[in-house]
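Thanks, everyone. Keep the sequence beside it while I talk.

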Amino acid sequence: MPRTLSNASTTVAVARARSQREIAKPRKAAYRTGTKTVSGRGKEGAAPGPVVLVTGASQGIGAAIARAFADAIPGVRLALVARQEKKLAAVARECVARGVAARAFVGDVSSESDVARVAAEVQAVWGGVDVLVNNAGSFRPGRLLETSVADFDAMIATNLRSVFLVTRAFAPAMVRRGCGDIFNMSSIAGLSAYPTSAGYCAAKFGVTGLSKVMRAELRDKGVRVCTVYPGATLSPAWEGSGFPEERLMPAEDVARAFVDVYRLTRRTVVEEIVLRPQAGDL
Ligand SMILES: NC(=O)c1ccc[n+]([C@@H]2O[C@H](COP(=O)([O-])OP(=O)(O)OC[C@H]3O[C@@H](n4cnc5c(N)ncnc54)[C@H](OP(=O)(O)O)[C@@H]3O)[C@@H](O)[C@H]2O)c1
């Protein structure tokens, strides 16, 4: 269940690598070590809502998910994770401007040490998360026989290893509380073969499998697991592709699905969502 936020003001702080001693003093440390700190005021009288952590929140679908939760869930507290500090801080400011609490946590979700640090920082500030959105990912094209080992490893690390690491960091507290939501971002490339996307496809099929195991193991612990399979969605990932905007889904539509699924009663789990451009796949 959501925990109480002791400080009434909403704050955006970019939290960077901190020593254990600093983590033990969360608020001061976040302000002192952050390169950019922005304060705003939440909606008057709004009760503290769920803590929602979104990976890959510095742009694209992840940023749209953060904005969608900010708009729809009163009192939501957003923990935004990505590597690009300035972009992440800008998204956090946008969310604060929408009247909720948001903090930027800079880190690489494919790195075990970064994930451990971010988990400690989130724990110190908000005591854990209620909703985990494993959205971070990247795409490098490549036919199987032309894919380098480095590119293949990068696809697995960013799209699949990250889901394992971040879930392992935050799900135990959900299990202890007997309540939580995990969204894992796969792709239609996690449902069907996409020639020229060997590494990406392998990683997204991996997310599909990992999600199924997660759901089987966490179902009776009160944790809902939803796997999301979008088709082509407008985001910076498509910049320079030459496809007309109208052929892609708006990131806001994909983001809205997350919020709508989250808002169902806890007696219902939406196990999978497939979203495609109405005009068909690209
Ligand atoms: N757009 C589509 O058509 C589409 C379709 C199906 C599935 N998806 C999936 O949806 C997700 C979001 O896609 P998008 O289109 O919004 O992509 P995007 O615009 O490229 O954004 C990717 C996000 O992930 C973050 N990220 C990447 N690697 C990271 C890492 N190692 N550690 C932390 N953050 C990392 C990026 O932030 P930093 O660079 O700041 O770290 C960025 O915020 C991805 O998982 C993607 O595979 C997208």
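Predicted model: local features only at pLDDT ≥ 70, side-chain atom pairs only at ≥ 80, totals over all residues.

Look at the side chains of β7. G180, I182 and N184 point one way, and D181, F183 and M185 point the other way. Which are buried? All of them. That makes strand β7, residues 180-185, mostly covered, with six of its six residues buried.

Now the neighbours of β7. On to strand β6, residues 131-134. β6 pairs with β7 in the parallel sense, over four bridges. Two pairs to find on screen. L132 stands opposite I182 in β7. N134 has N184 as its bridge partner in β7.

Then strand β8, residues 223-230. β8 and β7 run parallel, joined by six bridges. Find D181 here: R224 in β8 stands opposite.

Back to β6. Is β6 covered on one face or both? Both. V131 and V133 lie on one side, L132 and N134 on the other, and all are buried. β6 has another partner to show you. Strand β3, residues 51-55, runs parallel to β6, and three bridges join them. In that pairing, V52 stands opposite V131.

β6, helix α6 and β7 make a right-handed β-α-β unit. β7, helix α7 and β8 make a right-handed β-α-β unit too. For orientation, α6 covers residues 149-177, and α7 covers residues 198-218.

Stay with α6. Does its length fit a helix or depart from one? Its 29 residues, at 1.5 Å a residue, should span 42 Å. The end C-alpha atoms are 41 Å apart, so the two agree. α6 also has a kink of about 40 degrees, centred on R161. Just after α6 comes G178, with a positive phi of about 75 degrees.

What is the make-up of the shell?

The 13 residues of α3 should span 18 Å at 1.5 Å a residue. The end C-alpha atoms of α3 are 19 Å apart, which agrees. Is α3 mostly covered or mostly open? Mostly covered: eleven of its 13 residues are buried. The buried residues are G60, I61, G62, A63, A64, I65, A66, R67, A68, F69 and A70. Note G60 in that list.

To recap. β7 has six of its six residues buried. β7 pairs in parallel with β6 and with β8. Over to you.

Note on methods:
Residues numbered from 1 in each chain as written. Buried ≥ 20, exposed ≤ 12 C-beta atoms within 10 Å, placed from the backbone. Helix = DSSP H or I, 4+ residues; strand = E, 2+ residues; numbered from the N terminus. Pairing = 2+ DSSP bridges. Right-handed = clockwise from strand over helix to strand, strands pointing away. Expected span 1.5 Å × (residues − 1). Bend = angle between axes of the 7 residues up to and from the residue.
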